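Hi,

Here is the structure I promised to pass on. Have a look first, and my notes follow below.

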Amino acid sequence: MTNPHFLDPDWWRHAVVYQVYPRSFADADNDGTGDVRGITEKLPYLADLGVDAVWVSPWYPSPLLDGGYDVADHRDISPDFGTLADADAFIARAHELGIRVIIDLVPNHSSWEHPWFKAALAAPPGSPERDRYLFRDGRGEHGELPPNNWGSIFGGPAWTRTTDPDGTPGQWYLHLFDISQPDWNWANPEVPAMFDDVLRFWFDRGIDGFRVDVADSMAKHPDLPDHVVNPHTGFGSNDKEPGAPHWDHPGVDEIQRRWRAVADAYADTELGGRIFVAEAYLDPIERLVEYVRPDRLHTTFNFDALISEWSAASQRAVIDKTIPAHESVGAPTTWVLGNHDNVRVATRYGKPTTGRDYSVAEPLESAGDPIELGAQLIAMPTDLAIGRRRARAAALLELALPGSAYIYQGEELGLEEVEDIPEHLLQDPAWERSGHRVRGRDGCRVPLPWSGAASPFGFGVDAEPWLPMPAHWAGLTAEAQAADATSMLTLYRTALRLRRERGDFRTDALAFHPLDGGDVLAFTRGDGTLVVVNFGADPVTLPAGEVLLASADLADAKLPSDATVWLAV
Ligand code: GLC
């Protein structure tokens, strides 16, 4: 399928973006781990699917102690994933096929294997090398206590003490995430300057944009003060209330403006200005949309949509709050059902509790900690038949809404969270750091099944995949689903084709329809497409119109429970 919107400078306003988690996408060199050549080989599949862009999670050299979000070198490709030449070939092929390329920028922290962190450890306290990170003396008589009470998102303290060359205990360094992910000191001008170079390095290679990891965390209160204690962890809370010293702190805005200027300087190139999408779990929405003002980032993930429960009232509440808030700053809304940090949608929607009810008054604390939410969900039983049915309906809801939509790899195959990975194979740092309380995010990162009847299902040839793949995925391979008119893959392909063909989906016009209410969401897009979602237990009568696509069988002119239909009206 060709992409008529490839060179549209506003491509990102309506784009369907497919997230590739490189470790788990396709293993061309058959070593059990995905790689860049694997992604390139599957680009025709993504072009057939009909996506406008791919976002590739970190592919940089990394000890992979946080799945690659621990970057040791921002200007190279991990030898596990290939070479810079492989990346160039991938970018060129993607563009040939009309697909834009977004990669990850991880600006809050580096890996402890980054040369600047190694230099910092080798240099004395107070040195310029140490000043690129957040080193501090400890509290207590002998500096034996962490400099403040902050806690790591992955559990335990956010500080680790170093050892001086003579073997005595030294200063502490800050890491909001894993011990292997020291936080940068953005107040040191060398850090923003280095990141400007990183942006240009990749933009010059043809990258169309960056997904900005934890885009709300770079700036910190200069005094690094204690924070109110979270009673569950005993450490300073990671809630992001206004005024928090480590999240959404003043200074984040200036950093984002600086990046925007770098990206806008490419406006006159063939590919046009480059774009950003922010990862920020931030409440309330008025704070989040500050990030997508015209001089800051372009889009931001709509995690409310991801976290929302499966009910008409909650989904309507999310639509009602996010679209006008984004319109108020001239930015498109995004829609997202899953990613590499969250329980897969087919599993989440098969749980007795499917998420947060946004139709009731919104609590002010942080919009969600995916690891905690995941731990709560994983503890509940799953009805996968219901979950898959709802995931189909949710896909047709997501893809019908105005703005840009994200597909996390495997969502188009209806893959579920693998909830029974043996404990000794779990790799998420949250598993160790939580004292084995939280299993973490490996269950949504299992390699993709492409073809064949047995593991590794065409992921590689015969190498053992880095996480085990369930035997029953034989029925869910891309190959099996491509041949099945009723499959999830066929549903996604048809939906993306219609989304591209029908002008209604390229407008921002959305009007709720009289049928809306109770357990039903019904809205028109443009002036010719009606979308109806039935969240209730009972079938509802279909309104007049020609059926374009439905997520379930429509018997007796009824829309069954947990189903969506698109109608031409
Ligand atoms: C983001 C990433 C997540 C990672 C964390 C630290 O939330 O999506 O995978 O663990 O940042 O970089």
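Predicted model: local features only at pLDDT ≥ 70, side-chain atom pairs only at ≥ 80, totals over all residues.

Asn534 sits opposite Ala563 of strand 18. That pair belongs to strand 14 (residues 529–534) and strand 18 (residues 563–568), which run antiparallel and share six bridges. Strands here are DSSP runs of E with at least two residues, helices are runs of H or I with at least four, both numbered from the N terminus, and two strands count as paired if DSSP finds at least two bridges between them.

Numbering starts from 1 along each chain as its sequence is written, and side-chain values use heavy atoms, leaving out hydrogens and water.

Five strands make an open, antiparallel sheet in the order 12-13-14-18-16. Strand 12 (510–512) and strand 16 (546–550) are at the edges with a single partner strand each, so one side of each has no neighbour in the sheet. From one strand to the next, the twist averages 25°.

Two helices lie on it. Helix 16 (residues 488–501) lies across strand 16 and strand 18, at about 130° to strand 16. (Angles run from 0 to 180 degrees between N-to-C directions of axes fitted to C-alpha atoms, for helices over the stretch in contact; contact means heavy atoms within 4.5 Å.)

Cheers
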